[in-house]
Amino acid sequence: MMDRLRLLLPLAWRNLWRNPRRTIITVLVVSVGLWSILTFSVLLKAWSVSSRDTTLKLMTGEGQIHATGYLDDPTVAHRTAQPGGELESILASPAVTAYTQRLRVAAIVQSEYKTLPMTLVGTDPARERRLSVLPDRVGDGRYLDGPADTGIVLGRNLARRLKTRIGKRVVVMAQDENGKLAERAFQVVGLYAAPQQTEDQFAFTGLKTAQALTGIGTDITEIAFVTPDDRDIADVLARMKASSPGLDIQSWKTLAPLSYAVSTFFNEFILMWLWIMFALMAIGIVNTQLMAVFERIREFGLLQALGMRPRLVLMEVTLESAMLIGVGVGMGIALSVLSVQAFPNGIDLGFLGRGAELVGAGHILYPKVDAGDFVLYSLIVWTLGVVATLWPARRASRVSPVEAMGRF
Amino acid sequence: MIRKAVFVLLVAAAMTAPAAADTTAPDPDALLRAAFDNWRADSSQTDMTMTVHRPDWERSMEMKTWTQGDDDALVRFTAPAKDAGNATLKKGDETWVFNPKLNQVIKLPASMLAQSWMGSDFSYNDLSKANDLLTKYTHKLTGSTKDGPHTVYSIDATPKPGAPVVWGKRTVRVRDDGIMLGETYYDQDMKPVRVMTTEKVSTVGGRDYPVVMTMRPENQDGKWTRIETKTATFNGSMPGYLFTLSNLQNPRN
C-alpha cells in the first residue's frame, strides 16, 4: 500500500499541474467557498457574542431572582425580602461574581411637556457597577451616589422626549404597596447613553428612595447576578432553586430570549450556508474533474494497458482531487485568517447607526478565529469534496484500454 | 367637572370676599384659600359649551356637569350626536370614562391622566389634581392693578420643596371679589407653557362668574380650547346616586 502511494502521490501531484488553468479554477472555487463559510461563521459568532454581552451587561446580568409572578406583573405586589439564609450564602460565595438588589417597577415619568411610561429602578450604585456598564455610561451629570440618593438618572433619549435636562425636576408615579398611586418629585442628576430601547425604558434612583416611594420597607423585587466565566451557570441556578423553592430564578436565556435566539441561530445558519456553498462547490469540482477525466481517457487506457489496475486508477484520480481540494481548503483558511486579522480593532457598526441596536448587536463586533470551528468546517468541506469526486474517478477506472487506445 | 376643572385649575373663587378689596396687601394664601373654600362648599350643576379649536378645524361640544364638594364630579356630553353620552366621572382620586358606543366603563390608569381630555387642551389631571395649587405651592402676592371698581391681584405660586409637581411656577390673577381672571403655567426655565384667560365675566346662577375661559398652549399657533358656561345652579342638593358608576353608565338624570 505504501509503495503504491509512493508511486501515486508524485504522479497525482504532477498530473494536477499538467493543466494549471483547470486546477487554479477549481482551487479558486474551493477557496472562495470555504472563505465565505469561515468568515461568515466568525462574523456571526462575533455578532452573537456582542448581542449577548450588550444585553447582559446593560441590566440583565447572567441570572435574576424574582418573586413568583413578578415577571408577568412587575409591580411591588410581587416583591421579595432581602436574600437571606442559604440563598445569601450562595450569592456571597465564589460561584457568584457579583450581585445587586433592585426595586424595579413600572412607573410613569412626567415633565412640564410630556408624560411617558418607563421602568423605575431603585438600586445600590456600588453593587450595580459590578455587573452593569450603565453607571459608566453617564455622559452628562453623575450617576447615583448611594442607595439613599434622591436624584434620578435618565436615558438621554427619554430626557430628550420629556424636554427635560440635568438639574430639572420630573415627577415619577408608581403603584405603591396598597395599589394606590404614589408620586414623588426627582431632580435629574445624570443622563446615560445606551441602546435607545434601554434609554427609553429605564430610569435609576437610589434603592432606599424607591423603597420609600412605594412604601415597601426594605423589600426588593429583583436580584441580578453574574457568575464566573469558567463555571456552568446551570449548576449555580440549581443550587439557588434548591435553597429558595418559593422564588422564580431564571438565567439570561429566559430573561433575554432575543440574545439567546441569536446565539443559537448562528450555528444553524452556518450549517445551512455550508450546505449551500458546498452544493455550488461540488458542481464546480465534479464538472471540472469529469471534463478532465474525459480528456484523459487515452491516458487512463494506456495506464491500464501497461498493467495498472482499475482500483489504482480510481485511487490516483481520487488522490488528485484530494490534493486539489486540499490546496483550495488551505487557501480558504489562509484567506479567512487574513480577513479576520484585517480588523484587529473590531468592526465598527457605527455606520449602521441605531439600526444595529435593532438586531441586538453592540456597536463594535470583535471577530475572533475559533480554531475548532475552522478545523471542523474545513474537514467537512474537504471530505465531502473528495467524496463528490469519486464519481469522475470511477468513470476513469472503468475505461476499457482497447476502446481508449483506439479512440484517437 | 369642567366647572371644577376651570375653577380648581384656575383657583377661581365663585364667592366674593369683599373685605379683601379694602385691604391694601391681602394675604395671597388666604385670598386663594378663601376663594377655594367658598367654591368647595358648593355643589353645582351647569350647562357648558366646550369649543376645541385647531388650525384646520374647530368643533363644539355641549355638556352638563355636576360637582359636589372637593372630590366628586360628573360630566356628560349632550351634543353633537357623535359625542352625546360620553361621560367622565371623578370620585376621590379615581377617574372613569364611559363610552356609549362601546357600552363600557373604563377606569383611567395614571398614565392616561396627563392625556388630553376629549381632544381638548385640558388633561384629566386638570380635573383630578384639583386643589394642587393650594396644597403644593407657596403663594406670593406680586402686584395689583385697578380694573374699574375692582382690584386685580397677581399671585405667584411656587412649588413647595419636594412637591410632586412639574411646573416651575404658576401665576394667577384673581379679582378682589374672587373671580379668576387668568393663570399661566411656567416650565422650570420659567418659560410659559400654557395660558388660561378669562374672556368674559358675567352673572350666572346668581353670582359673578368667569363665564368664558380659554386655555392656550404656548408656541402652538391656532390651538385653543374655550369653555363657556351658559347656565348654572349653585348649592343645590345632589341626589346620592349621582356620582356612582351605575349612574355613569345608565344615566338617571
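In this predicted model, B:P80 sits in chain B, in the loop that runs between β3 (72–79) and β4 (87–91). The peptide bond between B:A79 and B:P80 is cis, with omega at about -5°. Most residues other than glycine have a negative phi, and most peptide bonds are trans.

**Backbone features in the loops of chain B**

- B:N103 is placed in the loop between β5 (94–99) and β6 (104–107) of chain B, and its phi is near 55°, a positive value in a residue that is not glycine.
- B:N103 counts as exposed because it has 9 C-beta neighbours inside 10 Å, where the limit for an exposed residue is 12 or fewer.
- B:M118, found in the loop between β6 and α4 (124–128) of chain B, likewise is not a glycine and has a positive phi of about 50°.
- B:M118 has 18 other C-beta atoms within 10 Å and is therefore partly exposed.

**Chain B as a whole**

- The secondary structure of chain B comprises six helices and 13 strands.
- Chain B has 253 residues, of which 42% count as buried.
- When contacts in chain B between residues at least 6 apart in sequence are considered, 48% of them join residues at least 24 apart.

- In the hairpin of β10(B) and β11(B), where five residues lie between the strands, B:M190 takes a positive phi near 65°.

**B:W167 and the contact between the chains**

- B:W167 lies in the loop between β8 (150–159) and β9 of chain B, and it counts as buried because 23 C-beta neighbours fall inside 10 Å, the threshold for a buried residue being 20 or more.
- Apart from neighbours within four places in sequence, B:W167 is in contact with B:P159, B:Y185 and B:Y186 of chain B and with A:E112 of chain A.
- B:W167 and B:Y186 are 19 residues apart along the chain, and 5.8 Å separate their C-alpha atoms.
- Between the chains, 15 residues of chain A are in contact with 13 residues of chain B.
- On the side of chain A that touches chain B, at least two residues each are supplied by β2 (98–110), β3 (115–123), β6 (169–175) and β7 (181–192) of chain A.
- That side of chain A has seven nonpolar, three polar and five charged residues.

**Helices and domains of chain A**

- Helix α2 (residues 20–60) of chain A packs with helix α10 (residues 257–295) of chain A at an angle of about 180°, their axes being 9 Å apart, so that α2(A) is roughly antiparallel to α10(A).
- The residues of this contact of α2(A) with α10(A) divide into 18 nonpolar, 11 polar and three charged.
- α10(A) also meets helix α15 (residues 390–397) of chain A, with axes that come within 8 Å and cross at roughly 10°; the two helices are therefore roughly parallel to each other.
- In this second contact, A:V286, A:Q289, A:L290 and A:V293 of α10(A) meet A:W391, A:P392, A:R395 and A:A396 of α15(A), and the residues divide into six nonpolar, one polar and one charged.
- The domain assignment of chain A gives domain 1 as 2–55 + 259–405 and domain 2 as 69–245.
- The centres of domain 1 and domain 2 of chain A, taken over C-alpha atoms, are separated by 51 Å.

Notes
Residues are numbered from 1 along each chain as its sequence is written. Chains are lettered from A and ligands numbered from 1 in the order in which they are written. This is a predicted model: local features need pLDDT of at least 70, side-chain atom pairs count only at pLDDT 80 or more; totals for chains, interfaces and linings use all residues. Two residues are in contact if their C-beta atoms, placed from the backbone, lie within 7 Å. Helices (H or I, at least four residues) and strands (E, at least two) are DSSP runs, numbered from the N terminus. Ala, Val, Leu, Ile, Met, Phe, Trp, Tyr, Cys and Pro count as nonpolar, Asp, Glu, Lys and Arg as charged, and the others, Gly among them, as polar. Two strands pair if DSSP finds at least two bridges between them. Axes are lines fitted to C-alpha atoms, for helices over the stretch in contact, and angles run from 0 to 180 degrees between N-to-C directions. Angles under 35 degrees count as roughly parallel, over 145 as roughly antiparallel, 65 to 115 as roughly perpendicular and the rest as oblique. Domain bounds come from an automatic or database domain assignment.
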